[in-house]
Amino acid sequence: MPTRVIAINATLKKSNGEPSSTDAMIDLVASYLNDHDAELVETIRLADHDIHPGVTSDEGVGDQWPAIRAKILAADVLIFGTPIWMGQPSSIAKRAMERMDAFLGETDDAGRTPAYGKVAVFAIVGNEDGAHHVTAELAQSLNDVGWTIPAASACYWVGEAMNKKNFIDLPGVPKIIRETAQMVASNAVHLAALLKSQPYPAMS
């Protein structure tokens, strides 16, 4: 059975037919999944959904996070995509991380959160400095709630400071970014397969 991969795009833009550089970076990583018997089943653009503020898995009437949560946890690998804004992950990315905080109170009898045994990697774009900082925030937050972060977990591009060119506007993807995307995809699928065959042990 192919490794199931899902992506969330935390761009601030709703779809409306408008292209997203974050989508382009997610798609670049995903383009290498078929080489490793894996498939991207869906990319969810979070801005298209009403995700209520809070730190539980269901914040009541109208909250669309529970359905997104179910899709994320049904996959083996999560590609978490975000643009950089003011040197930070987007506000929508932070909301998704806040909602995953609920995992800490949803452990099984062995003390494992719903994200245990699942892998997260990152697709980051921006026109300012901050890719390393954003990677650190995402990796620390997701690892805290149970996701496993592989080696070479982030593929990113940042343009010149104060420049208006976006990743999606590049005439071609630089070789080093393609190589990084290939490694991120390979490491994520490899680690997910290992965790499926040898789950984390229960706490004694």
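## Before we start

Residues are numbered from 1 along each chain as its sequence is written, and side-chain values use heavy atoms, with hydrogens and water left out. Because the model is predicted, local features need pLDDT of at least 70 and side-chain atom pairs count only at pLDDT 80 or more, while totals for chains, interfaces and linings use all residues.

Let us begin with helix 1, which covers residues 21–30. Helices (H or I, at least four residues) and strands (E, at least two) are DSSP runs, numbered from the N terminus. Eight of the ten residues in helix 1 are buried. Buried means under 20% relative accessible area, exposed means over 50%, and partly exposed is in between (1.4 Å probe, protein chains only). Among the buried residues are Met 25, Ile 26, Leu 28 and Val 29.

What do the buried residues of helix 1 pack against? Their partners are strands 1, 2, 3, 5 and 6, together with helix 5. At the start of the helix, a side-chain oxygen of Ser 20 comes within 3.1 Å of the backbone nitrogen of Thr 22.

Asn 34 sits in the loop between helix 1 and strand 2. Asn 34 is exposed, because its relative accessible area is 62%.

## Two buried loop residues

Is Lys 118 buried or exposed? Lys 118 has a relative accessible area of 14%, so it counts as buried. You can find Lys 118 in the loop between helix 3 (91–100) and strand 5 (119–126). Leaving out residues up to four places away in sequence, Lys 118 touches Leu 73, Ala 75, Asp 76, Trp 147, Thr 148 and Leu 195; a contact means heavy atoms within 4.5 Å. A polar atom of the Lys 118 side chain also lies 2.9 Å from the backbone oxygen of Leu 73.

His 52 belongs to the loop between strand 2 (38–45) and helix 2 (65–74). His 52 is buried because its relative accessibility is 17%. Beyond its neighbours within four places in sequence, His 52 is in contact with several residues, including Glu 59, Arg 95 and Arg 99.

## Two aromatic pairs

How many aromatic pairs does the structure hold? There are two. Rings of Phe, Tyr and Trp (its six-membered ring) pair if their centres lie within 6.5 Å; planes under 30 degrees apart count as stacked, over 60 as edge-to-face and the rest as tilted.

The rings of Tyr 116 and Tyr 200 have centres 5.4 Å apart and planes at 70 degrees, so this pair is edge-to-face. The pair links distant parts of the chain, 84 residues apart: Tyr 116 is in the loop between helix 3 and strand 5, and Tyr 200 is in the segment after helix 5 (175–197). Tyr 116 is partly exposed at 36% relative accessible area, and Tyr 200 is partly exposed at 31%. For Trp 157 and Phe 167, the ring centres are 5.8 Å apart and the planes are at 45 degrees, so the pair is tilted. Trp 157 and Phe 167 are both buried.

How values were computed. Polar contact = N/O pair within 3.5 Å; in protein donor to acceptor, adjacent residues only side chain to side chain.
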